[in-house]
Amino acid sequence: MTQDSKAARLLLHQRELPDGRLEHTWLEVDEGVLYLRLDDADPREVPSAVLEGVMKRYGKPLADDIVVSGPALTLEGERRLQLFRHRAFYDVIAKDYLVYASPGREPVAELAASVTAALTYLLKR
């Protein structure tokens with residue numbers, strides 16, 4: 001990523017560390033390239049095949065009554081990532097989901113925490 005660029009970014013996940021600080025995981029797009037960034041650490045490029053694989057493996061079609069509204073990132077090839085918060089009738093706390101939409105395919109969604117874990121694991125390899 002270029003130092004002076006204004007990358008579009010999406011807060012994918014945050015968690016509390018043992019010392020009480022919050023750790024943030026971001027997805028960022030800079031000059032058409034998708035990156036995963038953990039707070040101020042160097043970003044790791046997310047190849048299209050990795051994102052596609054994670055969302056194909058874990059993503060599920062959205063129910064008809066779900067309205068997706070929330071921050072979004074536009075990717076190359078008319079693909080799109082969007083976050084939304086949903087609380088099912090049996091949940092006490094709402095959960096964040098990531099929706100992946102690509103041309104010619106039905107959008108799929110998965111828990112943002114699960115996508116974060118999968119991408120982090122795959123990019124460490």
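Reply: In this predicted model, 15 residues line the largest pocket, and T25, L36, L38, T120 and K124 are those nearest its centre. The volume of this pocket is about 300 Å³. Which parts of the chain build the lining of the largest pocket? Strand 1, strand 2, strand 3 and helix 2 each give at least two residues to it, and helix 2 contributes the most, with 5 residues.

Let's start with T25, which belongs to strand 2. Is T25 buried or exposed? With a relative accessible area of 6%, T25 counts as buried, because the cut-off for that word is under 20%. Setting aside neighbours within four places in sequence, T25 is in contact with L10, L11, L12, H13, L36, R37, L38 and T116. Two of those names, L36 and L38, are also among the residues nearest the centre of the largest pocket.

Now for the sheet behind these residues. Four strands make an open sheet in the order 1-2-3-4, with antiparallel pairing. At its edges are strand 1 (8-16) and strand 4 (44-45), each of which pairs on one side only. Helix 2 (residues 112-124) packs on this sheet and touches strand 1, strand 2, strand 3 and strand 4. The direction of helix 2 makes about 100° with that of strand 1.

Within the sheet, strand 2 (residues 22-30) and strand 3 (residues 33-38) are joined in the antiparallel sense by 6 bridges. You can follow the pairing residue by residue: W26 has R37 in strand 3 as its bridge partner, and L27 stands opposite L36 in strand 3. The hairpin of strand 2 and strand 3 has 2 residues between the strands, and there E31 takes a positive phi near 50°.

In the hairpin of strand 3 and strand 4, 5 residues lie between the strands, and D39 has a positive phi near 45°.

Helix 2 also takes us to another part of the fold. An open sheet of 5 strands, in the order 5-9-8-7-6, has antiparallel pairing too. Its edge strands are strand 5 (60-61) and strand 6, each pairing on one side only. Helix 2 packs on this sheet as well, touching strand 7, strand 8 and strand 9, and its direction makes about 85° with that of strand 9. Inside this sheet, strand 8 and strand 9 pair over 4 bridges in the antiparallel sense, with A109 in strand 9 as the bridge partner of V99.

Note on methods:
Residues numbered from 1 in each chain as written. Predicted model: local features only at pLDDT ≥ 70, side-chain atom pairs only at ≥ 80, totals over all residues. Heavy atoms only, no water. Pairing = 2+ DSSP bridges. Contact = heavy atoms within 4.5 Å. Axes fitted to C-alpha atoms, helices over the stretch in contact; angles between N-to-C directions. Buried < 20%, exposed > 50% of the residue type's maximum accessible area, 1.4 Å probe, protein only. 1 Å grid on protein atoms, 1.4 Å probe; cavity = no way out; pocket = protein on both sides within 12 Å on 5 of 7 lines; lining within 4 Å. Points joined across faces, edges and corners; volume = space filled by probe spheres on them.
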